[in-house]
Amino acid sequence: KTKPTMPSKQQNKNLFDKQKAECFAKIDLSRKGSIDEPIEDIIKTFNSHNNYFSLSSCSGRIVVLREGGSANQTDQDPPNKNPATSDQATIVKSGCDWIHVAHDKADPNQVAKIILESEQKSGCIVIKFEPLVLHIQSRDLDSAKLIHTVAVESGFRNSGITVGRAGKTVIAVRSTHGLEVPISDELGN
């Protein structure tokens with residue numbers, strides 16, 4: 001058996017340039033269809049740099065959901081009439097009814113109103129905060145290490161680097177700072 005070898009620097013450079021061009025030629029497949037406004041500038045900075053481009057991102061979000069919904073329905077964020085605010089319609093994701101989703105600051109009074117107006121049924125209502133997540137492809141490992149170091153030193157301690165067999169190098173910028181708080185009992189009271 002022959003062991004696979006890592007690509008040469010020139011092959012890796014050509015692969016990176018090809019993948020970056022292909023990524024920019026594709027349409028945005030996210031449900032929202034655009035970059036979250038709070039992180040547009042940082043994504044544009046990465047995408048305009050010679051050594052990086054964004055694969056996926058989320059500026060962070062506030063989610064209110066009711067556990068115990070039907071897992072047979074859609075597995076996507078609720079559609080937003082306005083990307084800065086969430087639609088008030090309930091949608092099911094992974095067995096949960098999503099009551100509210102916002103990628104911007106949430107008005108506590110508005111969120112409380114949405115919760116009180118949501119359909120009354122059983123299942124614990126939970127408020128979640130999910131922090132920023134970035135997936136950035138880099139030209140090489142040295143470029144990846146630079147972003148990884150900055151991310152970890154900035155408090156994103158759950159960040160990491162993945163190197164694929166073909167030399168694809170991806171940095172995941174992630175934090176451990178999430179929050180999940182139940183605000184009702186199992187009956188939805």
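Tyr52 counts as buried, with a relative accessibility of 5%; here buried means under 20% relative accessible area, exposed over 50% and partly exposed in between, using a 1.4 Å probe and protein chains only. This is a predicted model, in which local features need pLDDT of at least 70, side-chain atom pairs count only at pLDDT 80 or more, and totals for chains, interfaces and linings use all residues. Residues are numbered from 1 along each chain as its sequence is written, and side-chain values use heavy atoms, leaving out hydrogens and water.

**The overall picture**

- The protein has four helices and nine strands; helices (H or I, at least four residues) and strands (E, at least two) are DSSP runs, numbered from the N terminus.
- Of the protein's 189 residues, 35% count as buried.
- Take the contacts between residues at least 6 apart in sequence: 69% of them join residues at least 24 apart, where contact means heavy atoms within 4.5 Å.

**Aromatic rings**

- The structure holds three aromatic pairs; rings of Phe, Tyr and Trp (its six-membered ring) pair if their centres lie within 6.5 Å, and planes under 30 degrees apart count as stacked, over 60 as edge-to-face and the rest as tilted.
- One of these pairs is Phe24 with Phe53, an edge-to-face arrangement with 6.1 Å from centre to centre and 70° between the planes.
- This pair links distant parts of the chain, since Phe24 lies in helix H1 (residues 9-25) and Phe53 in strand S1 (residues 52-58), 29 residues apart.
- Phe24 is partly exposed because its relative accessible area is 43%, whereas Phe53 is buried at 1%.
- Phe46 and Tyr52 also make an edge-to-face pair, because their ring centres are 5.7 Å apart and their planes stand at 80°.
- Phe46 is buried too, with a relative accessibility of 12%.
- Phe16, Phe24 and Phe53 together form one aromatic cluster.

**How the strands pair**

- S1 and strand S6 (residues 133-138) run antiparallel and are joined by six bridges; two strands pair if DSSP finds at least two bridges between them.
- Tyr52 has Ser138 in S6 as its bridge partner.
- S6 also pairs with strand S8 (residues 169-173), again in the antiparallel sense, over five bridges.
- Within that pairing, Ile136 has Ile171 in S8 as its bridge partner.
- Strand S2 (residues 61-67) pairs with S4 in the antiparallel sense over six bridges, and Val63 has Val101 in S4 as its bridge partner.
- Strand S4 (residues 96-102) is largely enclosed by the rest of the structure, because seven of its seven residues are buried.

- Phe129, Leu179, Val181 and Ile183 make a nonpolar surface patch of about 320 Å².
- Patches are made of residues with over 30% relative accessible area and no salt bridge, with like charges joined within 9 Å and nonpolar side chains (Val, Leu, Ile, Met, Phe, Trp, Tyr) within 5 Å.
- A salt bridge is a side-chain nitrogen of Lys or Arg within 4 Å of a carboxyl oxygen of Asp or Glu.
- Leu179 lies in strand S9 (residues 179-182) and counts as exposed because its relative accessibility is 52%.

Key:
Areas by Shrake-Rupley, 256 points an atom, 1.4 Å probe, with all protein chains shown as cover.
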